[in-house]
Amino acid sequence: MGEHNISSMHDLQQSQQFMHALLNDLTALERMIESGRIETGVRRIGAEQEMFLVDAGMRPASVAPQVLDALNEPRLTTEIGRFNLEANLSPQLFAGGCLRAMEQELIELVALARRGAAMQQADIVLTGILPTIRQSDLAIENLSPGPRYEELNQVLQRLRGNHFNLHIKGLDELQLTHDNVLLEACCTSFQVHLQVGPSEFAQLYNLAQVITAPVLAAAANAPLLMGHRLWHETRIPLFQNAVDERSDARQLRSHPPRVSFGESWVKDSVLEIFREEIARFRVVLTKHIEEDALAVLASGTLPELTALRLHNGTVWRWNRPCYGVAGGIAHLRIENRVIPAGPSIIDEMANAVFFLGLMTALPEEYGDVTRRLSFDEAKENFFAAARHGLKAQLNWIGGQSRPAANLILEHLLPLARAGLKSVNIPSADIDRYLGVLEERVIRDQNGAQWTLRSLSALGQQGTREQRLAAITSAMVRNQRNDKPVCEWELAQLDGALKWKHNYQTVGQFMSTDLFTVRPDDLVDLAACVMDWRHVRHVPVEDDEGRLVGLVSHRELLKLVAQGTARNAQVTVSEVMKPQPFTVTPQTATLDAIAIMRQQGIGCLPVVENGKLVGLITAHDFLRLSAEILEAELKS
């Protein structure tokens, strides 16, 4: 859980005081490690569950503050978006029935969150990226209240020097510019914590880096962003861009981003990571630090290392080191941030157990992994798994290149089972969790593949928004039954949602596959586009994508009536209607209908942030009316 009591002041004196406290914390940690003040020989596990809130139409529901107020449950807290929640699970000794206890608490907290959401006519979805989320949902008004989030947004914008840019290529391509940090709110995960001792930290951290790729390949559950088919785990490139504060100059110097896999193996100590974080990344959040960590340590008690923990919370390594004090005992943890939320609780538990089993078995099996695999190969594996999921090809120990699915089934699952047995996890629990993951790999259906196959099976039924809502609705139904994703049937459009939720706003049914012309194009081109595409209107945009006009079939008919010769070389600018009436994706459908009736027009371009994003026509409303009538007759 992040620190929320953050100061919004950034004067020079406060920044210097915070940096002094940060360096003191690091020195104190070094002395604690040297003097054996960090717990060793004990394994504990824990987790954080992030989730989305959605309304009846499966769109983001910005009601998190109301849900938290109604529930008053300290284990539930805010995340960066008003449509996000986070649950913090209790630590468990890693032995015996700990996995069942973790699953039961997770079921309890998600059910509690679901009850709170229902009070606000909302529901809970566990998924890496919500399929129905749009850029318009990421307006600053949806930033969760509190100084932590406000300050994070302001400081990252200031350091960045311009807007956040996103460019991801997959099966489709998405390129956009956004003006705040809320792109981060598109990502939700199931973060797993494993307590380790200081002397073994380097070996186990490097091992976590190696196994993250096959764990991610099996767990991938975020293939869609704003309707685009991108990476199997699109959270990876999205999150890196969402909080990327690097200026253009720092990017040219290849300065690493705050979200990263890392740049090299850890050689000896957790201190290497903390030192690199302080040296590389500017402090973006501060608070008044009352604790003098060195003085506290000298007095014989344990410091909280508040400054170090706060700064560490603003550097998002996919495997992140953590320091904490619990029950008067200091400890270190490795936090794996790669596992996405969903597709179901049992799937999340299976992913976590796979990770924990490998972390237990492979130190003895592999020894020092840095001698058997290069860091670049481990990093390449990580990005291959994020792009391709179970279809990834991974470079593995011994110089082999193996398909991820083959590596998991033939090599890693048996090792994970052995690791879990070594800490006395009951055989029934091992079979329950690793059996789910094994079946998922055998059937070749993780969350990403189910989503992509569902989208493909839906074809061109309904609108894109309806298809995405149907997929999200199917997620909710299957999650309520806690069925593993390998058993999910593909999403279907019919009966997925009531029609009234599909047509509330223009953005839900507008046409987005647009063919446009430029003002200096020949009008003949506009006429051909209308003929080829069987449309009656063609938008006119400039080179920057700004809408400047609209050509209708009526204007072309006027040219014919006037006997304008084909060789007259009439341009689009001469016949287009400049500055046509427009709406936004958020415009209510009834309001759009009223505009078209009042103005006597048959087409409305849809514009967002000054750019053309869609088109609605009188034909769309005829189709809408037919679908509504059909739905009413069926009901």
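Which backbone oxygen does the side chain of asparagine 381 reach? The side chain reaches the backbone oxygen of asparagine 395, at 2.7 Å. Please keep in mind that this is a predicted model, in which local features need pLDDT of at least 70, side-chain atom pairs count only at pLDDT 80 or more, and totals for chains, interfaces and linings use all residues. Residues are numbered from 1 along each chain as its sequence is written, and side-chain values use heavy atoms, with hydrogens and water left out.

- Asparagine 381 sits in helix α12, residues 375-388; helices (H or I, at least four residues) and strands (E, at least two) are DSSP runs, numbered from the N terminus.
- With a relative accessible area of 1%, asparagine 381 is buried; buried means under 20% relative accessible area, exposed over 50%, and partly exposed in between (1.4 Å probe, protein chains only).
- Asparagine 381 touches Ala213, Leu373, Gln393, Leu394, Asn395 and Trp396, leaving aside residues up to four places away in sequence; contact here means heavy atoms within 4.5 Å.

**How α5 meets α12**

- Two packed helices are described by the angle between their axes and the distance between the axes.
- For helix α5 (residues 201-219) and α12, the axes come within 8 Å and cross at roughly 15 degrees; axes are lines fitted to C-alpha atoms, for helices over the stretch in contact, with angles running from 0 to 180 degrees between N-to-C directions.
- α5 and α12 are therefore roughly parallel to each other, as angles under 35 degrees count as roughly parallel, over 145 as roughly antiparallel, 65 to 115 as roughly perpendicular and the rest as oblique.
- From α5, the contact is made by Gln209, Thr212, Ala213, Leu216 and Ala217, and from α12 by Phe375, Asn381, Phe382, Ala385 and Ala386.
- Sorted by class, the contact of α5 with α12 has seven nonpolar, three polar and no charged residues; Ala, Val, Leu, Ile, Met, Phe, Trp, Tyr, Cys and Pro count as nonpolar, Asp, Glu, Lys and Arg as charged, and the others, Gly among them, as polar.

- Glutamate 200 lies in the loop between β8 (190-196) and α5.
- Its relative accessibility is 21%, so glutamate 200 counts as partly exposed.
- Glutamate 200 and threonine 40 are 160 residues apart in sequence and 9.0 Å apart in space, C-alpha to C-alpha.

**Asparagine 142, another asparagine to look at**

- You will find asparagine 142 in the loop between β5 and α4 (147-160).
- Asparagine 142 is buried, at a relative accessible area of 15%.
- The side chain of asparagine 142 makes a polar contact with the side chain of serine 62 at 2.7 Å; a polar contact is a pair of N or O atoms within 3.5 Å, and within protein one must be able to donate a hydrogen and the other to accept it, while residues adjacent in sequence count only if both atoms are side-chain atoms.

**Backbone details in the loops**

- Glycine 342 and proline 343 are joined by a cis peptide bond, with omega about 0 degrees, and proline 343 is in the loop between β14 (329-336) and α11 (345-366).
- Glutamine 121 is not a glycine, yet has a positive phi of about 55 degrees; glutamine 121 is exposed, with a relative accessible area of 62%.
- Glutamine 579, in the loop between β19 (577-578) and α20 (589-599), has a positive phi of about 45 degrees although it is not a glycine.
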